[in-house]
Amino acid sequence: MSELDVADPKIIEAVEWFANYRGDGARPSVPLLRERFGLSVAEACAVLREVNLRRARAS
């Protein structure tokens, strides 16, 4: 399995958007990211991983 390019502009945009997203939790995150940014499942998971890492570093 190859490493995803987290420097990809669409992944960066999705990370920045999701980091500031305050949804009500009624909708699963992966389908939301896939529809909004046209990501694959692996890319959406990479976005969530990156957002979680950033949040952990900030606390």
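**Helix packing and rings**

Mentor: Helix 1 and helix 3 make a right-handed crossing (the near helix is turned clockwise from the far one by less than a right angle). This is a predicted model, where local features need pLDDT of at least 70, side-chain atom pairs count only at pLDDT 80 or more, and totals for chains, interfaces and linings use all residues. Residues are numbered from 1 along each chain as its sequence is written, and side-chain values use heavy atoms, leaving out hydrogens and water.

Trainee: At what angle do helix 1 and helix 3 cross?

Mentor: Roughly 50°, with the axes coming within 9 Å.

Trainee: Which residues of helix 1 make the contact?

Mentor: Lys-10, Ile-11, Ala-14, Val-15, Phe-18 and Ala-19. Contact means heavy atoms within 4.5 Å.

Trainee: New topic: how many aromatic pairs are there?

Mentor: The count is 4, with ring centres within 6.5 Å. One of them is Trp-17 with Phe-18, 6.3 Å centre to centre and 50° between the planes, so tilted (under 30 degrees is stacked, over 60 edge-to-face, the rest tilted).

Trainee: And is Phe-18 buried or exposed?

Mentor: Buried, because its relative accessibility is 9%; the cut-off is under 20%, with exposed over 50% and partly exposed in between, using a 1.4 Å probe and protein chains only. Trp-17, at 21%, counts as partly exposed.

Trainee: Which rings join the cluster?

Mentor: Trp-17, Phe-18, Tyr-21 and Phe-37 are linked by ring pairs.

How values were computed:
Phe/Tyr/Trp six-rings, centres within 6.5 Å; stacked < 30°, edge-to-face > 60°. Axes fitted to C-alpha atoms, helices over the stretch in contact; angles between N-to-C directions. Helix = DSSP H or I, 4+ residues; strand = E, 2+ residues; numbered from the N terminus.
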